[in-house]
Amino acid sequence: GARGCAPSTSASFPDGAAPAADPPVFSTVLVYTTSARVYVVAGTSDKSRWRILNVSRLLNADDTLDASENVGDYDEAQCARVLATIAAGNASAGGMTLVARGRALVGTLRILDAHYLLLITKRKRLGRVRGHDVFGVGATELVRIAVKDMRVDGAMPTFSTSSSKTASPAAESRAPASGDEKKLKKLLAWVDLSRGCFYSHTYGLTATLQSNVLDADAASRARRDFDSPFAWNAHVSRPLRAALGGAAAARWLVPLVHGFFERRRVSLLGKRLELVLVARRSRHFAGTRYRRRGVNARGRVANEVETEQIVDASASASASASRSSFVGATRLTRSRSAPIAVSSAVQMRGSIPVFWSQEASVVAARPEIVLSARNGERGELASARAYDATARHFDLCEARYGAPTVALSLIRSNERRRREETLRDALREALETVNEARLEAGRERVACVHWDFAKHMRRGVAGTHSRKDEKTKNDAPRPSSTSTTLGLTRLARVAAGALELVGIFAVGPRVALEAAAARHERDARG
């Protein structure tokens, strides 16, 4: 089923709002190694501000990273002097070596007894959201930074490769120490982050436009919200976040979103618009087809995706859009020459929120649908607990987006052989139970529209074709897109009804918003 848009909200802001100072964007990352430490140096694009992070190549007693950030910023000359001092101090132990260059830090991975730094080395600019750059991951690199049990009787050991030749500490920090570690690292190389992963240094991509605009604290959190369901580097960023603390970690790490991002410029009735489509895939209960179905005990549905459509109709929505129109990724301001006019509509899709599964098979093209209770339980108690998971799912939706919640079920009905109908019935029973409990608690019920997607996409095909007696052998086949267009038109009417209930988020001049609301109210009355 699909979840409706965010609650209808409008906002307008007075002219002359004082701009908030944006944090520096460190888009250049250099990794240096010495015999005892790893130094990560980050700088802004204009090379005016630099910071240094140092990581011990010896793990703590509890196998955690020993990392700290040097206090304060450096200019380019100061940073160069600090690095030269470090190199000179380590001259007798092999000096200091530059081992990697990158654009952003994702986190760290532990492979057996070694910790690796996951570094974005190449990026591709995907577009902007209200002047804030969004980048896709182009390439990544794993840099070995710390190893367990490096000391032998209180002294640093001599590193060697499999051929027993002495290697420098810097080389050892990059090369796997064992064959097993090398195999595991090779397996990880198959995880291609350049397919569907993107990030932003200045905009909270894990949150909606509404959260970024209305709540300055929420927007600030979104830029470092690694606990969000849509931050896919939540786990790998945890070691550095624990070592550095939240404020320092926010300067070094970027939340990584997995999904889809595209920005288009269009013209509608002579007015230029910017359309931004962002799809955020949840990291909770994610998996491949047939491997993840239904809902888990925590209320997370399989393969949940939040989709947000942003329409920017501001006068500055053309190539002249700049970051000044969006202050600190938290607040929109309205200049005298370019009034703000931007809207956002959000929906969430996911698996049917009941306990069910399918067994993948090379023999059966359409595996059987199996309804199940939690932990194999049976009877009324099992059904009640299954409905508890459904209730938790809609509680999560309401906590994230507000009320009301509108669900759209696209599964089949009236099948010759019951398959998806069993899911339809299970969802209906679950919602009846959930809504009964909600009404007793004085809460708004969950609305659900059952809409047979396959049936509606087939309807109307016969009426659009010519009669049989008018056809000839030389007639070209009619395009099959006719039924698709008609089906999507019908679906658009259903979506419009959902938007009537939940509304959209809009920011613009107060007079224009009030006039639009009045027109909408007159149209609704007929």
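In this predicted model, Arg418 sits in the loop that runs between strand S20 and helix H9. Arg418 is partly exposed, because its relative accessible area of 45% lies between the 20% and 50% limits of that class. Along the chain, Arg418 and Ile369 are 49 residues apart, yet a separation of 9.7 Å is found between their C-alpha atoms.

A salt bridge is found in this part of the model too, joining the side chains of Glu368 and Arg417 with an N to O distance of 2.8 Å. Glu368 belongs to the loop between strand S18 (356-358) and strand S19 (369-371), and Arg417 to the loop between S20 and H9, so the contact ties together parts that lie 49 residues apart in sequence. The two partners can be told apart by their accessibility: Glu368 is partly exposed at 40%, while Arg417 counts as exposed at 54%.

Arg280 pairs with Glu308, with 2.7 Å between the closest N and O atoms. This pair again links distant parts of the chain, since Arg280 is in strand S13 and Glu308 is in strand S14 (residues 305-312), 28 residues apart. Both Arg280 and Glu308 are buried.

Helices take part as well. Arg438 and Glu398 meet through their side chains in a salt bridge of 2.8 Å, N to O. Here the link runs from helix H9, which holds Arg438, to helix H8, which holds Glu398, across 40 residues of the chain. Arg438 has a relative accessibility of 4% and therefore counts as buried, whereas Glu398, at 21%, is partly exposed. Elsewhere, salt bridges with shared partners join Arg49, Arg51, Glu69, Asp73 and Arg251 into one network.

A patch of another kind is nonpolar: Leu112, Leu184, Leu187 and Trp190 make up about 480 Å² of surface. Of these residues, Leu184 lies in helix H3 (residues 179-188) and counts as partly exposed, with a relative accessibility of 36%.

Attention now turns to the interior. In soluble globular proteins, nonpolar side chains tend to be buried together. The largest nonpolar core of this model has 26 residues, and the members that touch the most others are Val31, Val40, Leu105, Leu117 and Ile145. Several strands supply at least two residues each to this core, namely S3 (26-33), S4 (37-44), S5 (50-56), S7 (97-102), S9 (114-129) and S10 (132-147), and helices H6 (238-244) and H7 (246-252) do likewise. Another core, of 18 residues, lies apart from it and has Val106, Phe135, Tyr199 and Val236 among its members.

Some details of the backbone complete the picture. Most residues other than glycine have a negative phi, and most peptide bonds are trans. Arg130, a residue other than glycine, has a positive phi near 50°. Arg130 is placed in the loop between S9 and S10; with a relative accessible area of 5%, Arg130 is buried, because buried means under 20%. Leu269 is not a glycine either, and its phi is positive at about 55°. Leu269 is likewise found in a loop, the one between strand S12 (257-268) and strand S13 (271-281). In contrast to the buried Arg130, Leu269 is exposed, with a relative accessible area of 87%.

The peptide bond between Ala403 and Pro404 is cis, with omega at about 0°. Pro404 has its place in the loop between helix H8 (379-401) and strand S20 (406-409).

Key: Residues are numbered from 1 along each chain as its sequence is written. This is a predicted model: local features need pLDDT of at least 70, side-chain atom pairs count only at pLDDT 80 or more; totals for chains, interfaces and linings use all residues. Side-chain values use heavy atoms; hydrogens and water are left out. A nonpolar core is a set of buried Ala, Val, Leu, Ile, Met, Phe, Trp, Tyr and Cys residues joined through side-chain atoms within 4.5 Å. Buried means under 20% relative accessible area, exposed over 50%, partly exposed in between (1.4 Å probe, protein chains only). Helices (H or I, at least four residues) and strands (E, at least two) are DSSP runs, numbered from the N terminus. A salt bridge is a side-chain nitrogen of Lys or Arg within 4 Å of a carboxyl oxygen of Asp or Glu. Patches are made of residues with over 30% relative accessible area and no salt bridge: like charges are joined within 9 Å, nonpolar side chains (Val, Leu, Ile, Met, Phe, Trp, Tyr) within 5 Å. Accessible areas come from the Shrake-Rupley method with a 1.4 Å probe; for residues, only the protein chains shown count as cover.
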